[in-house]
Amino acid sequence: MTKKTEYIQARKSQLNFYREIPLYIKRDKNTFVLYKQKGITIDDMRISENTYPSVLYIKSSDKIKGIQEAQKAFNKKIENDIKSDNPEKVKETLVNMVNETLDEPRSGSLEGVYDTVDILVSDYSKEHDIIKNLIDISHKDYSTTLHSISVMALALGFASYINLSQDETRLLGLCGLLHDVGKTKIDPEILIAQRKLTEEEFEKIKSHTYRGYYILRECKFKSEYIKQLSLCALEHHEKLDGTGYPLNKTENQLAKFSQILAIIDCYEALTNDDRPYRSAMSPFDALNEIIGRDVKSGKYNKEIFTLFIQSLSTAVK
Ligand SMILES: [Fe+2]
Ligand SMILES: [Fe+2]
């Protein structure tokens, strides 16, 4: 029988944020020794950064608590970065934050991003540039994290353009951020494969829709949020004419937010640099391609698409 590992390596980006989580050093194969006790941060220990042990561990049972603690600290940092008018820093903190969240999208870690979106939305009217800057995030290192953040930023810009209430804006932003959360359950080798996928592999990729649905059904947001969030995960690859996946739903069966995200998701996918065999399209070409290919043939909602173009012209330079 194999013994369950009791200690796991702590993430570098989280280390400074742990207060309630004790940290350990590995002495030998099976011995771990306390390095930092509960109740203080590494900073409080006044050890200069270059003398930290290169690898520190936490108890695996502290993993979720660790993510939550780091998320709280990340949120404080985002707030301060916005106040100090530093969009670059906001972006960096947000990427770290979403990375942590998507790494362990279990109940208890997704809720932290609610506060993040809340902070971004509450400060949006004052700090218009924040969202604009997030939309401009470089797409060079494509990952689900950057894609999710970009989709969230575009969704927030759209929500603000069509004057959704603060609450709906927040919710649409969250839907954008979490629509692909099911991808965290797909073998990364398939997700980043630079070859033509087999039918079986493609089916696995498609399963990120209902996997996301189930993850989001289990999280602890309020019930109207859960309903919209899980529907967006399930339906964002559906098409109005029934040619999408996973359920071949048609227009009347699709939630409004899912129809909005389907367009934003497609636009984001065309304009980012994720695929090695083609370079990213310019926003203009991407919009043209979507119009020619999918709006005219009745796959996307024309009215939403028109509003989306208009929202882009106000949000993106
Ligand atoms: Fe997706
Ligand atoms: Fe997506």
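Modeller: Asp180 bridges the iron ion (ligand 2) and the iron ion (ligand 1), which lie 3.5 Å apart. This is a predicted model, in which local features need pLDDT of at least 70, side-chain atom pairs count only at pLDDT 80 or more, and totals for chains, interfaces and linings use all residues. Residues are numbered from 1 along each chain as its sequence is written, chains are lettered from A and ligands numbered from 1 in written order, and side-chain values use heavy atoms, without hydrogens and water.

Colleague: Which protein donors does the iron ion (ligand 2) have?

Modeller: Donors are N, O and S atoms within 2.8 Å of the metal (3.2 Å for Na, K and Ca); water is not among the atoms, so sites may look incomplete. Here they are His147 (NE2), His179 (NE2), Asp180 (OD) and Asp265 (OD), at 2.1 to 2.3 Å. Their spacing in sequence is H-x31-H-D-x84-D.

Colleague: Where do His147 and His179 lie?

Modeller: Helices are DSSP runs (H or I, at least four residues), numbered from the N terminus. His147 is in helix H5 (residues 144-161), and His179 is in the loop between helix H6 (166-178) and helix H7 (188-191), 32 residues apart.

Colleague: Is His147 buried or exposed?

Modeller: Buried means under 20% relative accessible area, exposed over 50%, partly exposed in between (1.4 Å probe, protein chains only). His147 is buried at 3%, and His179 is buried at 1%.

Notes
Helices (H or I, at least four residues) and strands (E, at least two) are DSSP runs, numbered from the N terminus.
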